Number of protein chains: 2
Amino acid sequence: MGIFQIEATSGRARLGALTTRRGVVRTPAFMPVGTAGSVKSLSPEELTQIGAQIILGNTYHLYLRPGCEVIDRFGGLHDFMNWQGPILTDSGGFQVFSLAKLFKITEEGATFQSHIDGSSHLLTPERSMEIQRSLGSDIVMCLDQCIQYPADRQTAAAALERTTAWARRCRQHRDEKGPDGSLLFGIAQGGMYPDLRAESSAGLIDIGFDGYAVGGLSVGEPKEMMLEMADAALPMLPEDAPRYVMGVGAPADLVELAGMGADMFDCVMPTRNARNGQLFTRFGPVNIANARFRQDTGPLDPECGCYACRNYSRAYLRHLYTSRELLSYRLNTIHNLYYYLRLMTDMRGAIAEGRFDTFKKDFYINQTAELP
Amino acid sequence: MGIFQIEATSGRARLGALTTRRGVVRTPAFMPVGTAGSVKSLSPEELTQIGAQIILGNTYHLYLRPGCEVIDRFGGLHDFMNWQGPILTDSGGFQVFSLAKLFKITEEGATFQSHIDGSSHLLTPERSMEIQRSLGSDIVMCLDQCIQYPADRQTAAAALERTTAWARRCRQHRDEKGPDGSLLFGIAQGGMYPDLRAESSAGLIDIGFDGYAVGGLSVGEPKEMMLEMADAALPMLPEDAPRYVMGVGAPADLVELAGMGADMFDCVMPTRNARNGQLFTRFGPVNIANARFRQDTGPLDPECGCYACRNYSRAYLRHLYTSRELLSYRLNTIHNLYYYLRLMTDMRGAIAEGRFDTFKKDFYINQTAELP
């Protein structure tokens with residue numbers, strides 16, 4: 001039995017089961033982002049209640065604060081943050097590129113200055129593996145080199161070559177240290193050049209990983225281009241392995257990408273937008289600050305089963321948000337993550353029943369309908 | 001059967017049961033502050049879990065935002081915020097004095113400018129009664145005139161006379177509107193002048209209320225003076241009615257005041273200080289940001305039964321706080337309120353067993369001991 005079983009397909013969409021040492025993840029799966037050892041505002045019990053199967057932790061953040069020496073005292077991130085489900089950790093590559101004050105990439109690794117205190121650090125492929133191992137990550141990501149959009153072909157080619165070389169070192173480091181029960185995923189790069197994406201994928205497959213990610217998307221390119229690139233890149237990855245599109249996206253993106261055969265997603269959109277008052281519904285996104293909700297005694301979505309919709313009104317959610325009450329961020333986050341996770345459940349149901357196309361059609365009809 | 005039963009005493013401390021239309025409140029009782037229709041960061045279920053019997057809502061805040069017309073749509077604050085236990089609402093008097101941009105007191109009432117949008121409002125005793133009735137308050141407070149500390153005798157005397165006149169109008173308004181099942185409490189003023197406090201109390205007793213509050217304390221005077229004034233003022237209030245010391249205080253203050261026969265308290269200290277990283281423990285207050293907690297895998301207080309102490313370490317609480325994670329405010333608030341409410345439970349147990357003096361002695365021994 002492999003770690004990844006495909007149980008049904010509908011078009012290119014796949015229903016799968018990914019076995020990690022801390023439990024099975026049903027795919028397509030969305031991973032709530034718990035950057036600094038906490039999915040912002042939520043308790044682990046709430047994450048379980050809303051249906052989170054797996055969460056994502058950020059290596060870059062946790063390495064800088066609280067630091068590995070702290071998390072080591074707990075034997076890893078799970079006990080530190082009191083979450084016993086699977087955790088995928090990113091490699092730190094994207095955060096070095098997007099958050100560090102200064103960074104310099106050499107063959108050895110990425111030298112960067114902390115966005116917190118300006119201190120200087122070197123993140124090598126081997127160091128990223130060590131940190132993720134010490135975090136107790138269940139799905140470890142290879143260190144990759146991210147590039148800006150737009151990037152010329154030469155830059156993209158150089159970054160992908162480095163990413164492949166680093167992926168090889170990650171795999172080698174792991175082979176030397178021996179298995180710890182975690183899975184290792186490679187990350188394909190190649191900018192917006194399909195042939196470079198193909199080269200990147202081939203390089204990773206040649207090394208061999210438990211799963212494969214499409215990285216370097218959602219870095220500023222138009223949404224159409226993101227989807228086109230994923231559409232080109234996903235079939236380049238092994239069919240029998242989990243395929244993870246990193247850092248994407250809006251609900252419609254998840255539907256599109258699952259339809260292309262993507263199995264895993266993470267994105268700060270549901271959590272970050274919750275804190276900015278944007279709530280996702282079957283009928284599209286809603287700004288809870290809208291004055292029309294001021295005296296609205298009904299739930300945000302009467303058919304939503306989340307704690308916020310079952311217990312509070314639009315007027316109350318609006319009041320909390322406009323008053324900047326801390327409970328607002330929490331109720332909004334619960335709702336948005338519940339929406340995302342429910343969307344994944346619904347997609348899995350549609351794939352299981354071979355009706356993903358109908359599901360997708362209905363999804364768009366609802367999304368463009370008026371909020372009742 | 002009156003609404004307030006004294007079930008035991010220990011010295012001057014009283015164990016009581018205050019019957020409201022939404023349940024019995026065991027006294028001495030602490031009321032978590034839910035200023036704007038939310039005890040900051042907590043769900044109503046969490047309030048119940050940590051042992052909150054009754055919460056406080058602020059008339060001034062709720063009147064300004066979301067406004068009575070919104071809360072009216074829900075038939076009151078309980079359904080608006082999803083809390084079905086008793087709610088005490090203050091009258092707005094203290095907030096006009098402490099928060100409004102500008103205010104002017106006349107015989108008619110208090111004219112003030114909103115701290116939110118600068119809009120102008122008139123709060124009369126009758127209007128305060130109407131607002132609190134529309135909030136569905138279970139314990140309604142009379143509108144009082146607060147004064148600064150220090151205040152000269154003439155100012156204090158004038159404010160207490162006005163407060164008595166307003167209290168009479170509050171009672172009259174209530175008599176005219178007929179009972180709605182809520183209780184009405186008068187508020188004694190008189191600054192730091194014991195004879196004025198006596199005059200204020202006598203005036204309120206003459207009018208007649210369900211309960212009596214000592215107002216105008218904790219307005220900047222030295223703690224010794226606050227305690228002296230409460231010590232003088234509390235025996236002036238009817239023994240068979242609940243006695244509420246408003247806006248106080250630190251854990252030791254609650255122990256002192258309960259020892260003087262005070263029955264009810266409210267204060268932002270446990271909730272506000274939680275958000276500033278100060279956690280209350282048996283061994284005194286602790287700043288969770290302290291570097292000595294950085295790698296500390298133990299709970300803040302191993303004997304504390306709160307959700308935060310049962311599930312998280314000092315190192316994690318410190319990490320969340322130094323990272324400004326939203327979960328920090330929530331876990332800290334849960335801990336501090338649990339501590340306060342547990343302290344009240346312990347005091348009630350000590351009074352029931354006639355050992356309040358011993359309890360108090362042990363309390364101080366622990367508070368000055370080193371955190372293990």
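## Ser201(A) and the A–B pairing

Leaving out neighbours within four places in sequence, Ser201(A) touches Ala188(A), Ala233(A), Met236(A) and Leu237(A). Keep in mind that this is a predicted model. Where does Ser201(A) sit in chain A? Its place is in helix H8, which covers residues 194–207 of chain A. Is Ser201(A) buried or exposed? It's buried, because 24 other C-beta atoms lie within 10 Å, and the cut-off for calling a residue buried is 20 or more. Now pick out Arg12(A): it is 189 residues away from Ser201(A) along the chain, and the C-alpha atoms of the two are separated by 19 Å.

Next, let's look at how the chains meet. On the chain A side 29 residues are in contact, and they meet 28 residues of chain B. Four helices of chain A each give two or more residues to this side:

| Helix of chain A | Residues |
|---|---|
| H3 | 68–72 |
| H4 | 77–81 |
| H13 | 314–322 |
| H14 | 326–352 |

The largest share, 4 residues, comes from H13(A). What classes of residue make up the side of chain A that touches chain B? There are 13 nonpolar, 10 polar and 6 charged residues.

How do the two copies relate?

Definitions and conventions. Residues are numbered from 1 along each chain as its sequence is written. Chains are lettered from A and ligands numbered from 1 in the order in which they are written. This is a predicted model: local features need pLDDT of at least 70, side-chain atom pairs count only at pLDDT 80 or more; totals for chains, interfaces and linings use all residues. Two residues are in contact if their C-beta atoms, placed from the backbone, lie within 7 Å. Ala, Val, Leu, Ile, Met, Phe, Trp, Tyr, Cys and Pro count as nonpolar, Asp, Glu, Lys and Arg as charged, and the others, Gly among them, as polar. A residue is buried if 20 or more other C-beta atoms lie within 10 Å of its own, exposed if 12 or fewer, and partly exposed in between; C-beta atoms are placed from the backbone.
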